Each structure stands twice: as structure tokens, then as C-alpha cells.
Amino acid sequence: MSTGSAGRGTASRALLRLALAAPADAAGLTSQWRHVDGIRTHVRRSVDAPPGTPIVLVHGLAVSHRYLTPLAVALSDHHPVYAPDLPGFGLSAHPAEAYDVPRHADHLAALLAAYRLPPVCVFGHSFGAEVAAALAVRHRHAVRALVLAGPTSDPRARSRTGQLRRLLLDLPREALWQAPVLVRDIADARPPRLWATLSRSVRNRIEDDLTRLTVPTLVLTGARDPIAPPAWRDRAAALVPQVRTVSVPGAAHNVASTAPRQVADAVRALLDDRVHDRLDTLTNR
């Protein structure tokens with residue numbers, strides 16, 4: 001084995017341990033639970049964070065806070081970070097039925113209120129981008145800025161089979177260390193909930209929320225993302241009044257896991273005009 005391969009293997013094992021660490025403390029992250037609307041909701045959050053706009057990370061459909069932990073760590077040097085598990089996912093309790101996008105957004109708003117947070121930057125990935133956009137529209141007072149990373153779903157594949165086909169294209173492009181994380185997340189959520197949530201996702205027209213956004217927004221994708229390809233990224237961004245777009249070279253759909261430093265730079269640039277030059281080096285607009 002080459003030195004480079006050994007180094008990559010060590011880094012992958014470290015990322016896997018970090019992703020699976022909860023509820024134990026690790027890398028400046030801790031676990032907390034809040035009872036929100038009768039649901040015991042798990043939040044992975046930074047400790048001893050510097051003052052700044054809180055950043056809330058909203059995970060995708062079949063996953064949880066776990067795969068977002070590399071990004072949480074990358075952001076926590078400058079901002080308080082909160083990565084909740086949506087109801088029925090990760091370490092949060094299971095409601096009787098799968099929530100649709102508006103209900104997830106309302107639950108998230110209630111969670112932010114329970115923490116008494118000022119207006120936050122919401123980072124939503126994949127299905128989480130749908131929830132984040134709905135939150136920004138339904139609870140405008142709670143959101144200062146918005147990041148939509150790999151947002152679903154492209155109207156050209158807005159069906160369960162269409163999304164599954166694109167997922168199969170994406171899987172070989174992702175880092176192998178994520179596989180045990182995905183297995184754990186699927187086991188936690190259970191396949192019937194995932195199928196029901198996918199059904200609700202493909203019935204949600206994110207375009208209707210995009211046109212109503214009133215906060216600075218970043219639409220971010222991996223350059224090799226087949227789930228949110230460039231044409232859809234650009235079409236979605238064109239609907240948003242205040243928008244920038246970023247394409248992260250080499251990354252596929254799980255850009256927050258595999259390129260956390262580049263993504264963290266882009267998020268900080270959205271929140272700080274003094275570093276917009278860093279964002280402009282990646283942006284397509």
C-alpha cells in the first residue's frame with residue numbers, strides 16, 4: 001500500500017468514527033435532546049462556539065446528522081452549529097407517520113424557538129434543502145440566510161423511480177467511508193418511513209418556495225452530482241431573488257461530507273461580505 005493510500009485510509013476511518021460518535025462528545029460536538037411537539041428530538045451541536053450567526057444543518061432523506069459532522073466541525077471554528085435529526089431519523093423519536101415538507105419545516109421552527117436562537121443561517125442538503133426553503137418561507141423571522149445544497153427534486157426526475165435511478169448513479173461517485181453511515185441511518189429510520197418520505201418529497205414543488213424567498217441564498221452542488229445536476233441547479237437559482245451559485249469541483253451529491261472545507265468557505269462567504277472574493281472563485285454567477 002502506498003503512503004498516500006494509507007493516509008487516505010486513516011482519514012476515512014477518522015471521519016467514520018466522527019460520524020458515528022453520537023451521543024458521545026467528539027471533536028467539539030455534543031448531543032442534546034429537546035421535546036418539540038411531543039417528539040424527543042436529537043441535536044448534534046458545537047460546544048464553546050464563538051459568537052456569530054448560528055448555522056443549522058438539515059440532513060437529507062435517508063440519512064441524519066451523522067454525514068454532516070465533517071461540515072459541522074469545519075464551521076464550528078467561527079459559528080455555533082446545530083445539526084438536528086428530523087423526526088423519525090437518526091437519534092430522534094419516531095412520530096406515528098412520516099412528515100411532509102411543511103410539517104418538517106414547522107417542527108424545525110419550533111426546535112429553533114426552543115433554543116431561543118436569533119435568526120439563523122439554514123443549510124439544507126438534498127431533501128433537507130426542501131425543508132430549509134419551506135422554513136425560510138413559512139417562518140421568515142427565524143432565517144437570516146439560506147444554503148440549498150444539492151436541492152431536490154429536479155422536475156425532470158420528480159418521481160420515486162426517477163430519484164432512485166439518480167441515486168444509483170451517484171453511489172459509485174461517493175467516498176466509501178460513508179457506506180456504514182448510510183447503513184446505520186437506514187436502520188434507524190426504517191425503509192417504510194424512507195419510502196413514505198420519498199413519496200412526500202416528490203410531491204413537493206420546491207420551485208413554489210424558491211420564488212418566495214426573501215433572504216440571501218446560496219445554491220451549491222458538487223460538480224459531479226447526478227441528483228442535482230448543473231441544469232437543475234441553474235434553473236432553481238434563477239427563481240431566487242437574492243442568489244449565488246457554487247459548484248464544488250470533484251464532488252458528487254454528498255458534497256457536505258466529502259468537501260467540507262470548501263463548503264464551509266462558501267457558507268461563511270454568504271454571511272460575511274469581506275470574504276465574497278473566496279465565494280466568487282467558485283461561483284458560476
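User: How far apart are the mean positions of the positive and negative charges of the protein chain?
Analyst: This is a predicted model, in which local features need pLDDT of at least 70, side-chain atom pairs count only at pLDDT 80 or more, and totals for chains, interfaces and linings use all residues. Residues are numbered from 1 along each chain as its sequence is written, and side-chain values use heavy atoms, with hydrogens and water left out. Lys and Arg count as positive and Asp and Glu as negative, while His and the chain ends are not counted; each charge is placed at NZ of Lys, CZ of Arg, CG of Asp or CD of Glu. For the 35 positive and 24 negative charges, the mean positions are separated by 3 Å.

User: What percentage of the residues in the protein chain is buried?
Analyst: The C-alpha trace spans about 50 × 45 × 45 Å along its principal axes. By the Shrake-Rupley method with a 1.4 Å probe, the chain exposes about 11900 Å², of which carbon and sulfur atoms supply 54%. A residue is buried under 20% relative accessible area, exposed over 50% and partly exposed in between (1.4 Å probe, protein chains only). Of the 285 residues, the buried share is 56%.

User: What share of the contacts with a separation of 6 or more comes from residues 24 or more positions apart?
Analyst: A contact requires heavy atoms within 4.5 Å. Among contacts in the protein chain with a separation of 6 or more, the share from residues 24 or more positions apart is 77%.

User: Which residue in S4 stands opposite arginine 44?
Analyst: Two strands pair if DSSP finds at least two bridges between them. Strand S2 (residues 39-46) and S4 run antiparallel and are joined by three bridges. In S4 (residues 81-84), Val81 and Ala83 point one way and Tyr82 and Pro84 the other, all of them buried. The residue opposite arginine 44 is alanine 83.

User: Which residue in S4 stands opposite isoleucine 55?
Analyst: Strand S3 (residues 55-58) pairs with S4 in the parallel sense over two bridges. S3 is covered on both faces, with Ile55 and Leu57 buried on one side and Val56 and Val58 buried on the other. Opposite isoleucine 55 stands valine 81.

User: Which residue in S5 is the bridge partner of valine 56?
Analyst: Six of the six residues of S5 are buried, so this strand is largely enclosed by the rest of the structure. One side of S5 carries Val120, Val122 and Gly124, and the other Cys121, Phe123 and His125. S3 and S5 pair in the parallel sense over four bridges. Within S5, the partner of valine 56 is valine 122.

User: Which residue in S6 is the bridge partner of glycine 124?
Analyst: S5 and S6 run parallel and are joined by six bridges. Within S6, the partner of glycine 124 is leucine 148.

User: What is the relative accessibility of serine 153?
Analyst: Serine 153 is placed in the loop between strand S6 (143-149) and helix H5 (160-170). Not counting residues up to four places away in sequence, serine 153 touches Glu130, Arg158, Gln163, Ser201, Val202, Ile206 and Trp232. Serine 153 counts as buried, its relative accessibility being 0%.

User: Which helix holds serine 201?
Analyst: Serine 201 counts as buried at 3% relative accessibility. Leaving aside neighbours within four places in sequence, serine 201 contacts Leu61, Phe127, Glu130, Thr152 and Ser153. Serine 201 lies within residues 191-202, which form helix H7.

User: How far apart in space are proline 118 and proline 54, C-alpha to C-alpha?
Analyst: Proline 118 occupies the loop between helix H3 (101-114) and strand S5 (120-125), and is partly exposed with a relative accessible area of 46%. Residues up to four places away in sequence aside, proline 118 touches Pro54 and Ala142. Proline 118 and proline 54 are 64 residues apart in sequence, and their C-alpha distance in space is 7.7 Å.

User: What is the relative accessible area of proline 226?
Analyst: Proline 226 is found in the loop between strand S7 (217-222) and helix H9 (230-238). With residues up to four places away in sequence not counted, proline 226 touches Arg166, Leu169, Asp170 and Arg173. Proline 226 is buried, and its relative accessible area is 12%.
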